[in-house]
Amino acid sequence: MAEAWQPTDHSFDIICRSKDHPDISKQDCASPSPTECIIDSCSEIIPGPSNQDAAVPKDLLVNGIIVLTDENSVSDTIDQEASIEENDVPQPVNICASFCSTPKSSLVRRSPAEKSDYIECDLKKRKLDVNDARPNKRPLVPEEEHNCLSPNTQMIPRASTLTPSNRWPVIPTKDNPPTEMPNWLGQFTRWSNAERIMALTELIDRCVPTQVRHIMQVIEPQFQRDFISLLPKELALKVLSFLDPPDLLKAAQTCHSWKMLADDNLLWKEKCREVGVEDVPARRVITRVIKIKMSPWKAAYMRFHDIEMNWRHSPIRTPKMLKGHDDHVITCLQFSGNKIVSGSDDNTLKVWSAISGKLMRTLSGHTGGVWSSQMSGNIVISGSTDRTLKVWDAESGICQHTLFGHTSTVRCMHLHGNKVVSGSRDATLRVWNIETGEFLHVLVGHLAAVRCVQYDGRLVVSGAYDYMVKVWKPETEECLHTLQGHTNRVYSLQFDGVHVVSGSLDTSIRVWDVETGTCKHTLMGHQSLTSGMELQNNILVSGNADSTVKVWDILTGQCLQTLSGPSKHQSAVTCLQFNSRFVITSSDDGTVKLWDLRTGEFIRNLVTLESGGSGGVVWRIRANETKLVCAVGSRNGTEETKLLVLDFDVDNNSNSFIMR
């Protein structure tokens, strides 16, 4: 019995009868090309031959491509394409189902000319995009596909891409939405808010990343609103007040309305207050520095910022050198306005111009070395080893009063208003009226030399070599409290009206309550004498002979920062000053250093003496917003005694500011 031929996965005997191809009765279909052929309309599928001698189908469907070829073409690989078994009845083949499942390896028999044409066509086809795989690319039209094949090859469109117009599918648009969308949107609008949220959540969960990205691109612009311009001015300014000045400057560049708000004068006044700028500089100073129109308080802040950058980063200008005390020691230093007053053990005080650096006048009259001084405006008070105090007019150089009463060196004093309190090695304190030169009160109670004193106009606080700190009421000459606890000499004091802070040779610093006289904190950490302290807003900075500087919170007793590290001083700290941003310290090692108050980081050296380490010393420093005055010299003649004045003011030609 003759064996019947049965179609396999690799070969099908298919007869397609189509209204578009009435002459086609039986076609072989095969193609190794990656481009899919389109079946137009296949109305009938007929099983292959049942005769043993039946020829292997001439046309194969491969990868969805129907290729019509000659009957004479022969393929050497046809033996691998068919499997024939006896008595098997071939079943009808659904051409649409097998359309995309036929392997590429199936080949058809072709003539040499057709093979050459086909290979050339195939190479062209591999460079083209498959329409279904790359939907964003321009689809191939049937004419282009047909032109790529050999003359003997015909193409039939794929059925899956048919549209009502028998053309390519239409991409949905807003004007041509899918037919189901209006009903879908109508249902969505009928849901409650909770149902809509749930539907959106479920919808997003079913989206692929590209669709989620599209949702983001649609939604993000809905939140891009200029709410600052929409708010009332008062509320908009309140919002902007939370920005730092650098961010305010950036906001001013956004648009005209934001610039008007960000340049508000009261807004910048608050920013100035936050950094300690209390006054608007003189108009001539502002116009000298800023050439553009802006609010006065903004100009004040910008100038403040530029000066800070000069302290931190700008190259240090060559300092002015003020010489006049020969080789003597500068024992005290005052700096007020544009005047510098230096006192020395050469029995004189000298008044200098901080602007020009010229010596304005010498205050002569003491018969002993000057060891203490105070200054307010043009009034200078000095204390000497000759046991007297003198009141001077710095402008004229006239000694207005000589105050007698102490029986030993006047070692310390503190001026408040028109009264000065002096402390002496005779263990007493005296209160004077500097306007009249009248002696007012004497405070007796210490058992050794008084080394430091503070006066706030109400109470007097004194520290002495008897290890005691005393609180006095000067009007009654009464000692309110004797603060006991130190075990060695008291060398330094600070008093803010509420707290008394005392530093001693016993290495400790004590914080006292001035009303009760109780010790609130004992600040431990230094290893030697606390030689200098300064207190502002409950922040204490202390310098010590152990070469370190510490920053404390006197309310908690906590050490906030220790200014040390590789760049620390190499010898005892002699003097210090600080503000809300910097700490400036001087030392016996001949340097003046700048530190960041908040972080404790070393910024840079402001002064470095060549004789540092071999005798050069910085004895005293005084600073204001733009200038630093240093009293330098030596005890062995290695460094000439002089004053160095460093200027950090803005350049006269500067007209721009950079917020860093």
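This is a short tour of the structure above, one selection at a time.

**Before you start**

The model is predicted, so please note that local features need pLDDT of at least 70 and side-chain atom pairs count only at pLDDT 80 or more, while totals for chains, interfaces and linings use all residues. Residues are numbered from 1 along each chain as its sequence is written, and side-chain values use heavy atoms, with hydrogens and water left out.

**Stop 1: the whole chain**

Show the chain as a cartoon. The chain holds 13 helices and 36 strands; these are DSSP runs numbered from the N terminus, with helices being H or I of at least four residues and strands E of at least two. Of its 660 residues, 47% are buried. Here, buried means under 20% relative accessible area, exposed means over 50%, and partly exposed lies in between, with a 1.4 Å probe and protein chains only. Among contacts between residues at least 6 apart in sequence, 51% join residues at least 24 apart; a contact means heavy atoms within 4.5 Å.

**Stop 2**

Select α11 (265-274) and α13 (296-312). The two helices pack at an angle of about 35°, with their axes 7 Å apart. Axes are lines fitted to C-alpha atoms, for helices over the stretch in contact, and angles run from 0 to 180 degrees between N-to-C directions. On the α11 side, show N265, W268, K269, K271 and C272; on the α13 side, show P296, W297, K298, A300 and Y301. By class, this contact has six nonpolar, one polar and three charged residues. Ala, Val, Leu, Ile, Met, Phe, Trp, Tyr, Cys and Pro count as nonpolar, Asp, Glu, Lys and Arg as charged, and the others, Gly among them, as polar.

**Stop 2: the nonpolar cores**

Which residues have the most contacts inside the largest nonpolar core? They are L248, L261, W268 and C272, in a core of 20 residues. A nonpolar core is a set of buried Ala, Val, Leu, Ile, Met, Phe, Trp, Tyr and Cys residues joined through side-chain atoms within 4.5 Å. The elements giving two or more residues to this core are α8 (233-240), α9 (245-251), α10 (256-262), α11 and α13. The largest share, five residues, comes from α13.

Now centre on W268. Not counting residues up to four places away in sequence, W268 touches P245, L248, L249, A262, D263, S295, W297, K298 and Y301. A second, separate core has 19 residues, including I307, V592, C630 and L646. In soluble globular proteins, nonpolar side chains tend to be buried together.

**Stop 3**

The strands belong to an open sheet of four, in the order β30-β31-β32-β33, with antiparallel pairing. Two strands pair if DSSP finds at least two bridges between them. At the edges are β30 (573-578) and β33 (602-608), each pairing on one side only. Five bridges join β30 to β31 (582-587), and C575 has S586 of β31 as its bridge partner.

**Stop 5**

Next, select residues 410-416 and 438-444, which are the edge strands β14 and β17. They belong to an open sheet in the order β14-β15-β16-β17, again with antiparallel pairing. Six bridges pair β16 (428-433) with β17, and R430 stands opposite V442 in β17.

**Stop 4: two hairpins**

Move to β8 (348-353) and β9 (359-364), an antiparallel pair with five bridges. Five residues separate the strands of this hairpin, and G357 in the turn has a positive phi of about 80°. Then select β22 (490-495), where six of six residues are buried. Its antiparallel partner over five bridges is β23 (499-504). Three residues lie between these strands, and G497 takes a positive phi near 95°.

**Stop 7**

Finish at A394, in the loop between β12 (389-393) and β13 (398-403). Is A394 buried or exposed? A394 counts as buried because its relative accessibility is 0%. Leaving aside neighbours within four places in sequence, A394 is in contact with K339, V351, R361, N378 and V380.
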